[in-house]
Structures are given as C-alpha cells and as structure tokens.
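Thanks for coming, everyone. I'll walk you through one structure today. Please have a look at it before I start.

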Amino acid sequence: MAASSAMPLLVVVLLLGSPAATRLASAACASEKFPAGRSYATCEDLPKLAASLHWTYDAAKSSLSVAFVAAPAAPGGWVAWGLNPTGEGMTGAQALVALKGSGSGAPTVKTYNISGYAVGASSPLDFPATDLAADAGGAGGKIRVYGKLQLPKGMKAVNQVWQVGSSVTGGAPDKHAFGADNLAAKSKLVLAGGGKAKAAGAPAVSPAAAPEAGGPAAGASGSGSDSGAASSMAPSGGKTPNGAVAVAGVSAPALLVMALVGFLVAV
C-alpha cells in the first residue's frame, strides 16, 4: 500500500524536474502582450538584464522584424539592442536605443553605429532600419523597442548585444553600469530555423555550409520615431517561445495540480 501511495508523488517530482516543465516555466517571453497589429514568430528570454527579444525573420526578403523588451536601470533611463556582424562586443554594433528621459511621452528611438567605446552621436546603421517605435509603461517599467532591419542576403546567424542605462542627458544615453551582467549581455542570434540564442563565443550551431554573417548592406535609414503604441493591447498571435515546447497547451502549474489530484485519488 505504501509503495502504491508513493508512486503518484514520484510522478509529481518527475514532472517538475522534466526538461519540458523547466522550459515551459522559463518561457516568460511568451506572455508578453503587444499592441494590436504587432506579433512575432519567435521569442527568447535573454540570459542577462531580464530582457527578451521577439522576432520574425523573412529569409526570402532578408528582413528581421524585432521587439526588444527590457527595463531601464532607473526611471528616465534607456534600453538598447543591436546586432554586431564584426565582433561580440559593443564596438561594431548596429544598435537601436530607446531613450525615456524625464518626459511623460513615449520613448524616443535613435540608431547608433557604434565604432568605439564612446557611443557618440546618433548615426545611420549599416543595416537599413525602418518602422522604428517604442512604448513604455509595462510591468516593471519595461520599454519595448520595435524596428525592422534589412540584413545581408544569406545571413544565418549574427552576434547580438543589449544594454540598459539609468539616465539620459541632452537626448543621448549616459554610460551604463559595468557590472557582470552588463558586460555579459551578448549572445548569438540564430536566424535560420529559429534556433535558441547561444552565448557569445560558443561554437556556432549553423550548418557548416551556411554562409558567414556577411558584411554591411548598402544604404541606411537613421531616422528615429517618437510614436507610441496603440492603447489597445492584444496577445502576440502565433508566437512560439524559442527553446520551449508545447504540451497540449498545459502549463507547468497545471501539470502539478493534475499530478496532485492523481496522488489524492490513489491514496
């Protein structure tokens, strides 16, 4: 009798410790609600700074539509995300920066082609950028940065970097902190096949025949946008949390409840 009663409890432990339950519990990005008309095919909870990336990659057109979500280091600060086709760090990054500042309006989006450790003035990107916008006021003071990048044809994977700062001066981002998480805010973004982002410096996961991240595309658009998002909020339709699995739409807490019910019935 004791052995049969212990069996459901063992099932509970196995369910909670299973990779499926772990990935379901960690796919926080899937719960993000975007304004009506914005949806993304894939999302990834980035490993540092409590940030996430949502994206749709159109391989035929070599276009990448993104939404980067993160909270500034302090109210009135800034958030940034970018791609770096030439290295793993900040130098060479083609970045979208959303500046909140002290005003009550929507964050301002600016583009920065970062050539050194000083961000410098806003400048056009090597990847032509359009549809730039941002909104704020989400849970935890998060800012969401939207944009569409025209990437070099055949790109399969590329380094990405992201950052948060605490203040804005004269319409430009001030220096960010240099803590361990700030310095480690980088990874490999796998475009083809929606693979999970890897930490920068890890071995590439793209096929050996896949072309390397190519050089910059010609032309650029450096204009930012102050437009905010529509007030009507709707779930991001069709979004699949990157690296997560679907188990008949049942969440990890629901699996726990079902297992506990089975335990009580068996006892």
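**A quick tour**

The protein has four helices and 16 strands. Keep in mind that this is a predicted model.

Start with the whole chain. There are 267 residues, and 38% of them count as buried. The accessible surface is about 12900 Å². Carbon and sulfur atoms account for 62% of that surface. Now the contacts. Take those with a sequence separation of 6 or more: 64% of them join residues 24 or more positions apart.

**The disulfide**

How many disulfides does the structure hold? One. The partners are C29 and C43, and their sulfur atoms are 2.1 Å apart. The link of C29 and C43 is right-handed, with 60° about the S-S bond.

What does the pair of C29 and C43 tie together? C29 lies in the loop between helix 2, residues 19–26, and strand 1, residues 33–35. C43 lies in strand 2, residues 42–45. So the pair ties together parts that are 14 residues apart in sequence. Are C29 and C43 buried or exposed? Both C29 and C43 are buried.

**The aromatic rings**

Next, the rings. The count comes to two aromatic pairs. Take F34 and Y40. Their ring centres are 5.3 Å apart and their planes stand at 65°, so this pair is edge-to-face. The cut-off for edge-to-face is over 60 degrees between the planes. F34 is buried, at 0% relative accessible area. Y40 is buried too, at 5%.

Now F34 and Y146. This aromatic pair is edge-to-face as well, with 6.1 Å from centre to centre and 65° between the planes. Which parts does the pair of F34 and Y146 tie together? F34 lies in strand 1, and Y146 lies in strand 9, residues 143–150. So the pair ties together parts that are 112 residues apart in sequence. Like F34, Y146 is buried.

F34, Y40 and Y146 form one aromatic cluster. The charged end of R38 sits over the ring of Y146, 3.8 Å from the ring centre.

**A buried histidine**

On to strand 3, residues 52–58, which is where H54 lies. H54 is buried, with a relative accessible area of 0%. What is the side chain of H54 joined to by a polar contact? The side chain of S52, at 3.1 Å.

Now strand 7, residues 108–113. T108 is found in this strand. Is T108 buried or partly exposed? Its relative accessibility is 25%, so T108 counts as partly exposed. The cut-off for buried is under 20%, and exposed means over 50%. T108 and W78 are 30 residues apart along the chain, and their C-alpha atoms are separated by 9.5 Å.

Follow the chain into the loop between strand 7 and strand 8. I114 is found in that loop. I114 counts as buried, at 7% relative accessibility. What does I114 touch, leaving out residues up to four places away in sequence? The list is M90, T91, G92, A93 and A95. A95 is 19 residues from I114 in sequence, and the two are 7.4 Å apart in space, C-alpha to C-alpha.

S123 is placed in the loop between strand 7 and strand 8, residues 129–136. Leaving out residues up to four places away in sequence, S123 touches T111, Y112 and N113. A polar atom of the S123 side chain lies 3.0 Å from the backbone nitrogen of N113.

**An exposed lysine**

Last stop: K175. Where is K175 found? In the loop between strand 12, residues 172–173, and helix 3, residues 180–183. K175 is exposed, with a relative accessible area of 74%. K175 and A118 are 57 residues apart in sequence, and their C-alpha atoms are 8.7 Å apart in space.

**To recap**

Three things to take away. C29 and C43 form a disulfide. F34, Y40 and Y146 form one aromatic cluster. The charged end of R38 sits over the ring of Y146.

Conventions: Residues are numbered from 1 along each chain as its sequence is written. This is a predicted model: local features need pLDDT of at least 70, side-chain atom pairs count only at pLDDT 80 or more; totals for chains, interfaces and linings use all residues. Side-chain values use heavy atoms; hydrogens and water are left out. A disulfide is a pair of cysteine sulfur atoms within 2.5 Å. Helices (H or I, at least four residues) and strands (E, at least two) are DSSP runs, numbered from the N terminus. Buried means under 20% relative accessible area, exposed over 50%, partly exposed in between (1.4 Å probe, protein chains only). Rings of Phe, Tyr and Trp (its six-membered ring) pair if their centres lie within 6.5 Å; planes under 30 degrees apart count as stacked, over 60 as edge-to-face and the rest as tilted. A charge sits over a ring if NZ of Lys or CZ of Arg is within 6 Å of the ring centre and within 35 degrees of the ring normal. A polar contact is a pair of N or O atoms within 3.5 Å; within protein, one must be able to donate a hydrogen and the other to accept it, and residues adjacent in sequence count only if both atoms are side-chain atoms. Contact means heavy atoms within 4.5 Å. Accessible areas come from the Shrake-Rupley method with a 1.4 Å probe; for residues, only the protein chains shown count as cover.
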